[in-house]
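Dear colleague,

I am passing this structure on to you, and I would be glad if you opened it before reading further. My notes on what was found in it follow below.

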Amino acid sequence: MSFEPDPLTWARDHTPVLVSFQEEYSDSQPLSGYTVAFASHLESKSGVAIETLHAAGAEVLFAPSEPQSTHGDVVETLDQRDGITAFAWEGMTDEEFDEAQHQLLEEEPDFILDDGCELIAKCHADHPDVAARVVGGGEQTTAGITRLEAMDEEGVLEFPVYGVNNTPMKHFFDNVHGTGESSLANIAITTNSLISGQDVVVCGYGYCGRGIANKARGMGAKTIVTEVDPRKALQAHMDGHRVMDMNEAAEAGKLFISATGNREVMRAEHFERMPDGATLANSGHFDVEIDIAALEELADAVSTPRDGVTRYHMADGRKLNLLADGRLVNLTGPYSHGHPAEVMDGTFAMMFVAAYEMLVDGTELEPGLYNIPDRLDRAVANRKLETLGLSTESLTESQQAYYEEWQHPDSHF
Ligand code: NAI
């Protein structure tokens, strides 16, 4: 017997929690009657997330969250199924990406699962009638949560949104391990250079930056961290990294990776100081962390020495190498496949339960940004442990009582 794999086969093999939802809900179809919009980097793992929503009965409309990270074979495979519609193709321009998101919104989804808050923001700005009818949403990433917080503060949100990124099941694993491993793997493959022995500067020591810096050090890099938050800077110091400001780091580093969620973290004054042959990569969000306009202005010429590497030839003879056009290096480079499937299993499982909780369990919330209830995060963690064949301890009665009592009979204090 021969088995014909499809573009989702490998990801399915490594996303057992999503597959367990498919198996559990394919008969009962709890999401039947709902149209769920799904915006994400479109590749095999998000493909499994889309087919999981569909298996549970939802009609799914999907669009990219970033125009450059779409894998066409995944889009075509999903788009062929009844009840799944693609507003995406590989190689979209920024304008086509915008237009496709608008077209999706015109189909009036009931629920929006987003990555970066672009679809939710467009819905509010340009499709107010649709926003008024949307039941709720979920947001996957840090930068999207920042936008939603701004919307919530301004009081413009029309529906409740679960901040999926804020759950431990997402950011403890996806941001730290997923971004850490996939960024370094893609930088190594794109440059065909050693990370071991390199002076690696990581800008930002949040969840992503911490993962990148610690894994780079594990590979033998000499790591430097830059931060704006004094506590994070101290944390980096005590984790054993060198901490300095970006002007100093620009002179000391050779490979620069940003993961801040902020703009122009590497800019002209830093490019002026970087050594010949320095490599610049962005693992944060969008393409704004590295000031590409400033690089272009400083350069006399631009060349492409390798696929995925843009070389800026400085007037003083130095060459600076920018990876993946300054977009997310782990998702948009020529060899990029995004995060390992095992971590995306947890992230997309949390997106699925966000939709399930609001649509099926009928949790009624006022418009605003909400944390997902902890019981759902624990339930997904338990499901993941089960698929790994790992078990945990349970509290004994006396241990539970010890937590609940403030007057401990055996206390010596
Ligand atoms: P975080 O908020 O935990 O960490 C960001 C850190 O950057 C903070 O500690 C902040 O103080 C620091 N920072 C801000 N401006 C800075 C500057 N100018 N210089 C140095 N440090 C600065 O956020 P997290 O979860 O680490 O995410 C970071 C970015 O990565 C976000 O944009 C997020 O959306 C993105 N992300 C990317 C992924 C990918 O696949 N590449 C996956 C997950 C998140």
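**A histidine in a loop**

His 241 sits in the loop that links α11 (230-238) to β9. The structure you have is a predicted model, so please keep that in mind as you read. Is His 241 buried or exposed? With a relative accessible area of 3%, His 241 falls under the 20% limit and therefore counts as buried. Its side chain also makes a polar contact with the side chain of Asn 214, at 2.6 Å.

**The ligand and its surroundings**

There are 28 residues around the ligand, and those that come nearest are Thr 142, Asn 175, Cys 208, Glu 227 and Asn 330. For three of these residues a distance to an oxygen atom of the ligand can be given: a polar side-chain atom of Glu 227 lies 2.5 Å from such an atom, a backbone N or O atom of Cys 208 lies 2.8 Å from one, and a polar side-chain atom of Thr 142 lies 2.9 Å from one. The ligand taken alone exposes 860 Å², and the protein buries 86% of that area.

Which helices supply at least two residues each to the shell around the ligand? They are α8 (142-154), α9 (168-191), α10 (207-218) and α15 (329-332), and among the contributors α9 gives the most, with four residues. Sorted by class, the shell holds 15 polar, eight nonpolar and five charged residues. Both domain 1 (9-166 + 339-388) and domain 2 (176-326) take part, since the shell draws at least three residues from each of them.

**The eight-stranded sheet**

An open sheet of eight strands runs in the order β9-β8-β7-β10-β11-β14-β13-β12, and its pairing is mixed. The edge strands are β9 (242-243) and β12 (299-306), each of which pairs on one side only.

Within this sheet, strand β7 (residues 199-203) pairs with β8 in the parallel sense over five bridges, and one of the residue pairs to look for is Val 202 with its bridge partner in β8, Val 225. Strand β8 (residues 222-226) is largely enclosed by the rest of the structure, because four of its five residues are buried. Strand β11 (residues 278-282) and β14 also run parallel, joined by three bridges, and here Ala 278 has Leu 320 of β14 as its bridge partner.

**Another pair of strands**

Strand β5 (residues 136-139) and β6 pair in the parallel sense over three bridges, and the bridge partner of Gly 138 in β6 is Tyr 162. In a regular strand the side chains alternate between the two faces of the sheet. Strand β6 (residues 160-163) is covered on both faces, with Pro 160 and Tyr 162 buried on one side and Val 161 and Gly 163 buried on the other.

How accessible are they? Gln 29 counts as partly exposed because its relative accessibility is 32%, which lies between the limits of 20% and 50%, and Asp 325, at 49%, counts as partly exposed as well.

Arg 217 is found in helix α10 and is partly exposed, with a relative accessible area of 32%. The C-alpha atoms of Arg 217 and Lys 45 are separated by 28 Å, and the two residues are 172 residues apart along the chain. Thr 396 has its place in the loop between α17 (374-388) and α18 (397-404), and with a relative accessible area of 39% Thr 396 is partly exposed.

With best wishes

Note on methods:
Residues are numbered from 1 along each chain as its sequence is written. This is a predicted model: local features need pLDDT of at least 70, side-chain atom pairs count only at pLDDT 80 or more; totals for chains, interfaces and linings use all residues. Side-chain values use heavy atoms; hydrogens and water are left out. A residue is near a molecule or strand if one of its heavy atoms lies within 4 Å of it. A polar contact is a pair of N or O atoms within 3.5 Å; within protein, one must be able to donate a hydrogen and the other to accept it, and residues adjacent in sequence count only if both atoms are side-chain atoms. Accessible areas come from the Shrake-Rupley method with a 1.4 Å probe; for residues, only the protein chains shown count as cover. Ala, Val, Leu, Ile, Met, Phe, Trp, Tyr, Cys and Pro count as nonpolar, Asp, Glu, Lys and Arg as charged, and the others, Gly among them, as polar. Domain bounds come from an automatic or database domain assignment. Buried means under 20% relative accessible area, exposed over 50%, partly exposed in between (1.4 Å probe, protein chains only). Two strands pair if DSSP finds at least two bridges between them.
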